[in-house]
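The following exercises are to be worked through with the sequence and the structure at hand. Each task is followed by a solution in steps.

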There are 2 protein chains.
Amino acid sequence: MNNRIVVIGANAAGAKAAAKARRTDPRAEIVVLDRGSFISYGACGIPYYLSDTVKELKELMSTPVGVVRDRNFFSKVKGVSVRTNTEVTAIDRTRKVVRLREGGGEESELCYHKLVLATGSSPLVPPIDNVTLDDVFTVKSIEDAELLKERAVPGAAACIIGAGLIGLETAEALQGKGMRVTLVEMRDQLLPGVLDPEVAAVVEKQVKLQGVTVLTGCAVTGLDGEGRVQQVIAGGRQIAADLVVLAPGVRPNVALAREAGLAIGVTGAIAVNERQATSDPDILACGDCCETTHLVTGRKVFVPLGSTANKQGRVAGINAAGGAATFAGVIGTSILKVFNVNAGKTGLTESEARGQGFDVETVLSPAPDRAHFYPGAKPILLKLVAERGTGRILGLQAAGEGAVDKRLDAAAAAITFRANAEQLSQLDLAYAPPYSAAMDNLIVAADIMKNKLAGHARGISAREVKRKLEEGDDFILLDVRSPAEHGEIGIAGAKLIPLGALRERLEELPRDKEIVAFCKVSLRGYEAQKILDAAGFADVKFMDGGIMAWPYRFRDQ
Amino acid sequence: MNNRIVVIGANAAGAKAAAKARRTDPRAEIVVLDRGSFISYGACGIPYYLSDTVKELKELMSTPVGVVRDRNFFSKVKGVSVRTNTEVTAIDRTRKVVRLREGGGEESELCYHKLVLATGSSPLVPPIDNVTLDDVFTVKSIEDAELLKERAVPGAAACIIGAGLIGLETAEALQGKGMRVTLVEMRDQLLPGVLDPEVAAVVEKQVKLQGVTVLTGCAVTGLDGEGRVQQVIAGGRQIAADLVVLAPGVRPNVALAREAGLAIGVTGAIAVNERQATSDPDILACGDCCETTHLVTGRKVFVPLGSTANKQGRVAGINAAGGAATFAGVIGTSILKVFNVNAGKTGLTESEARGQGFDVETVLSPAPDRAHFYPGAKPILLKLVAERGTGRILGLQAAGEGAVDKRLDAAAAAITFRANAEQLSQLDLAYAPPYSAAMDNLIVAADIMKNKLAGHARGISAREVKRKLEEGDDFILLDVRSPAEHGEIGIAGAKLIPLGALRERLEELPRDKEIVAFCKVSLRGYEAQKILDAAGFADVKFMDGGIMAWPYRFRDQ
């Protein structure tokens with residue numbers, strides 16, 4: 001008998017592993033088992049199917065040229081046998097067999113030489129009261145989406161619990177169907193774990209502008225209703241809800257692995273080495289069910305993503321078929337589009353970096369995403385995080401209506417290769433006015449970072465400025481914008497001296513008092529700091545990111 | 001007297017150098033001299049001003065917040081004195097003075113402690129007959145654009161000589177004004193020196209679709225007309241022209257430097273070290289007038305670009321003011337938008353790499369720029385170039401209607417850090433369906449490259465297939481697409497066996513004859529190769545990039 005490779009799970013990672021195993025060993029018998037009836041669909045496309053952005057289910061299950069990746073496709077094209085509606089109930093590692101039940105029938109056994117676990121992840125269901133009421137949904141499978149689509153009635157109230165990637169994408173989908181949507185998040189910001197608060201504020205502003213009610217810092221304790229859900233109990237208040245979507249995150253499906261005695265990692269996902277092998281060398285794992293290595297911290301992380309699942313599936317498939325491949329790890333890149341905002345990160349956020357013990361410097365840099373004179377230029381905010389001392393770039397966050405993805409991708413490559421701020425600032429990025437300013441946003445941010453790391457530029461955060469104002473600190477908040485800009489939107493208590501007049505009006509400012517300069521984005525603020533430094537002022541800083549990074553304007557003003 | 005820094009040239013590099021010198025040394029006297037009357041404008045914006053995409057000249061000369069960067073701005077904000085209409089006629093390095101003539105008046109002298117040359121570049125004027133006729137233009141300065149705008153009359157005939165970046169941008173601008181545009185290029189492709197032929201073909205197709213007449217392989221020998229130009233003589237034919245634009249490239253302005261005895265590099269531009277210092281340590285140079293180092297080859301190159309000019313200006317300014325900064329070099333990244341096509345490259349093209357003696361492997365990978373099911377997905381073609389043996393990525397080219405810039409930027413970072421194909425294939429790029437497929441185009445190209453470098457995948461170019469067909473080679477050209485795709489567009493002489501039927505129809509193919517499989521993009525072609533390999537066929541390859549990379553379809557078919 002030829003080598004038999006059994007793959008459990010027929011979506012991103014499992015399908016990729018099977019296809020790659022076939023190419024590696026043309027003679028192996030390859031069997032893929034999946035408990036569902038849909039296979040090889042793009043789970044990341046579910047929110048778009050929900051919103052009718054993707055009209056037909058089969059689009060999610062097709063190749064780019066429109067061939068549906070069904071059992072027949074896998075059999076004819078890939079030479080892989082797929083058995084759907086087939087649940088694996090146990091793995092017997094001693095005998096090297098899996099026990100399975102097909103279509104609810106009798107249990108049978110299938111032996112393997114190599115086994116690939118691609119069991120995926122499941123939506124977390126939070127431990128709250130009455131979570132089993134009707135019309136309480138999760139968004140993970142095609143079946144979920146079909147049910148939710150039926151119940152998404154215009155004018156009805158939807159409450160989404162959890163403001164992560166899936167929660168936000170679902171909020172947009174349901175808002176687009178005419179529902180009244182409330183987004184409830186336990187943490188005090190959207191996208192916790194993905195973005196730092198001041199970057200998440202860009203997303204929150206847009207989500208609110210689109211009419212979604214956002215409740216942050218609001219822990220849900222339970223649901224209420226008779227049979228069907230009617231309200232959500234959160235932070236002492238009651239939120240009317242005709243349907244509820246649970247989106248607090250996902251957990252890896254590790255029951256089979258755990259019961260078979262395979263090692264589970266610190267993250268709760270299946271532990272694998274860089275060959276994607278589990279603690280049993282004849283069993284590999286890939287995709288959402290396993291953990292991986294964060295290449296910035298060197299620590300194990302659980303970051304389930306379709307992009308990673310495909311890469312790991314490739315490696316697991318090659319190794320299962322007797323080849324040799326390795327997967328190094330990830331750097332935590334993620335991105336989402338919600339309404340007209342793009343937002344994401346790569347590497348570590350400031351809070352993650354501090355949590356890992358790094359001595360951190362940050363830069364906030366808002367600017368148009370292409371030459372400001374080129375039609376269609378849209379603002380984006382970058383937040384760059386670097387390690388003091390080494391200057392090593394630890395992470396980038398980006399949010400705004402413009403092109404954030406390409407800054408994340410370039411930074412992802414730079415971070416992977418351990419670039420420092422100097423190296424990042426010299427990247428030869430593709431420049432023409434339709435694509436960026438002559439100095440790309442990423443280059444500008446890296447230059448500011450160099451100035452900060454060298455002590456030339458001294459920034460303080462908008463949050464810190466707000467605290468100082470509230471606590472009545474004795475300092476000068478210096479607005480160096482034009483009178484017109486100052487009149488349009490300002491910060492109460494700021495003194496106006498336009499940058500162009502500053503050199504002539506130095507006597508209006510006290511030389512020994514703390515001065516915090518700001519402008520729209522912080523470049524003139526930095527220029528003001530340099531002018532005042534040169535004139536012998538003792539304690540001058542600028543506000544990071546300028547008024548564009550003052551998130552309080554749409555909350556408190 | 002304080003340190004005096006004199007900067008010659010007040011555009012990208014010079015303006016940046018002056019501003020950065022000021023921040024580095026607050027007490028220095030900084031004087032910028034420019035022979036023109038417009039300063040600190042985005043020269044890269046000229047084609048967009050020409051096309052009325054940018055309506056007002058001052059938009060090109062403003063900061064992103066709308067402040068015009070004029071003499072007053074430099075004086076008040078930057079503390080820099082700018083003298084326009086001031087031509088420097090000589091540099092006396094012994095006495096450390098520049099001789100200058102202001103507004104056509106008497107010559108005077110200005111001494112310097114440090115001198116920064118930012119003298120820029122000028123359009124090449126080709127050595128052809130009657131090139132001084134009226135209505136023969138170059139496109140470099142605002143004055144050029146103003147003149148050309150006046151003469152760009154709807155219905156009139158424009159002939160553009162040179163199909164590089166400026167030539168193509170100008171073609172679009174004039175076509176947009178209703179002119180009948182002919183583009184004449186001496187080489188046998190558009191964008192020679194930027195793209196390999198099969199990638200340039202994507203651009204050529206679109207430019208032709210927009211109604212521009214394209215004549216490649218066509219050397220212009222002269223112009224003809226009485227006073228005003230009336231026709232272009234090229235390759236024996238006469239092309240009627242109411243105006244002519246010369247766009248064969250630019251040359252660095254080095255006359256001042258050469259006359260002062262400064263070293264001129266092998267490229268013909270001013271030689272500088274990594275501190276941007278010329279052969280005279282008190283004279284620095286930056287921007288289009290100087291050469292730089294190509295970080296892939298280590299050789300000196302002349303690649304004038306606004307992005308590089310700003311980076312070099314920063315370094316020259318810091319060093320002129322007594323600081324310490326270095327500029328490492330470039331990797332030849334460039335990009336343009338012409339009509340609805342984006343096209344560019346980073347690193348080396350295949351022909352550049354071969355010219356430098358690299359043993360080269362290439363991958364052509366056409367695919368949608370985001371998840372194929374996401375609305376608005378558009379095709380792009382990637383061409384990846386790597387070094388055999390090491391797998392080192394040498395270059396990426398990209399062209400198409402979709403997002404090519406971000407693939408170039410990510411590759412630029414990877415190439416800078418000397419990534420190999422394995423590392424490129426594992427980059428943690430930002431994935432969600434609006435931004436890319438789960439496997440980004442760049443990852444797919446890198447995976448194919450790995451397969452090719454390992455000998456698993458054997459591609460041959462469309463050009464080679466065409467040669468084989470024309471010369472009547474005895475081989476099977478195997479189309480593994482669906483009958484519908486085959487019917488829509490095909491290659492004469494190809495045998496159709498859809499991939500899904502291939503395993504069952506092996507007996508229809510001879511086992512010892514050369515077989516070249518192809519599909520739309522080459523993924524099924526590769527799959528077919530693997531199936532036939534496994535079945536014992538002796539000599540199977542696939543056609544790189546599939547029919548999407550078959551450029552002959554819109555030329556010969």
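The model is predicted.

**Exercise 1.** Identify the residue between strands β13(B) and β14(B) that takes a positive phi, and describe the pairing of the two strands.

*Solution.* Begin with the strands themselves: β13 of chain B covers residues 220-226 and β14 of chain B covers residues 228-234. They run antiparallel and are joined by six bridges. Next, take one bridge as an example: B:Val220 has B:Ala234 in β14(B) as its partner. Finally, turn to the hairpin, where one residue lies between the strands. B:Gly227 has a positive phi near 75° there.

**Exercise 2.** Determine which strands of chain A stand at the edges of the five-stranded open sheet.

*Solution.* Write down the strand order in chain A, which is β9-β16-β10-β11-β12, with parallel pairing. The strands at the edges are β9 (136-138) and β12 (213-215) of chain A; each has a single partner strand, so one side of each has no neighbour in the sheet. On average, neighbouring strands of this sheet are turned by 20° against each other, direction ignored.

Helix α5 of chain A (residues 142-151) lies across β9 and β16 of chain A, at about 140° to β9(A).

**Exercise 3.** State how chain A is related to chain B, and why the copies are said to meet through the same surface.

*Solution.* Superpose chain A on chain B: this takes a rotation of 180° with 0.0 Å of shift along its axis, and the RMSD is 0.0 Å. Such a relation is that of a two-fold axis. Then compare the interface residues: 100% of those of chain A are also interface residues in chain B, so the copies meet through the same surface.

**Exercise 4.** Locate the residues with the most contacts inside the largest nonpolar core, and describe how domains 3 and 4 of chain A meet.

*Solution.* The largest nonpolar core has 84 residues, and those with the most contacts inside it include A:Leu384 and B:Leu384. Leaving aside neighbours within four places in sequence, A:Leu384 is in contact with residues including A:Val363, A:Ile393, A:Leu424 and A:Met449.

For the domains, consult the assignment of chain A: domain 3 spans 340-453 and domain 4 spans 459-554. Their centres, taken over C-alpha atoms, are separated by 24 Å. Six residues of domain 3 of chain A are in contact with ten residues of domain 4 of chain A.

Conventions. Residues are numbered from 1 along each chain as its sequence is written. Chains are lettered from A and ligands numbered from 1 in the order in which they are written. This is a predicted model: local features need pLDDT of at least 70, side-chain atom pairs count only at pLDDT 80 or more; totals for chains, interfaces and linings use all residues. Side-chain values use heavy atoms; hydrogens and water are left out. Two strands pair if DSSP finds at least two bridges between them. Helices (H or I, at least four residues) and strands (E, at least two) are DSSP runs, numbered from the N terminus. Axes are lines fitted to C-alpha atoms, for helices over the stretch in contact, and angles run from 0 to 180 degrees between N-to-C directions. Contact means heavy atoms within 4.5 Å. Copies are superposed by least squares on the C-alpha atoms of residues with pLDDT of at least 70 in both. A nonpolar core is a set of buried Ala, Val, Leu, Ile, Met, Phe, Trp, Tyr and Cys residues joined through side-chain atoms within 4.5 Å. Buried means under 20% relative accessible area, exposed over 50%, partly exposed in between (1.4 Å probe, protein chains only). Domain bounds come from an automatic or database domain assignment.
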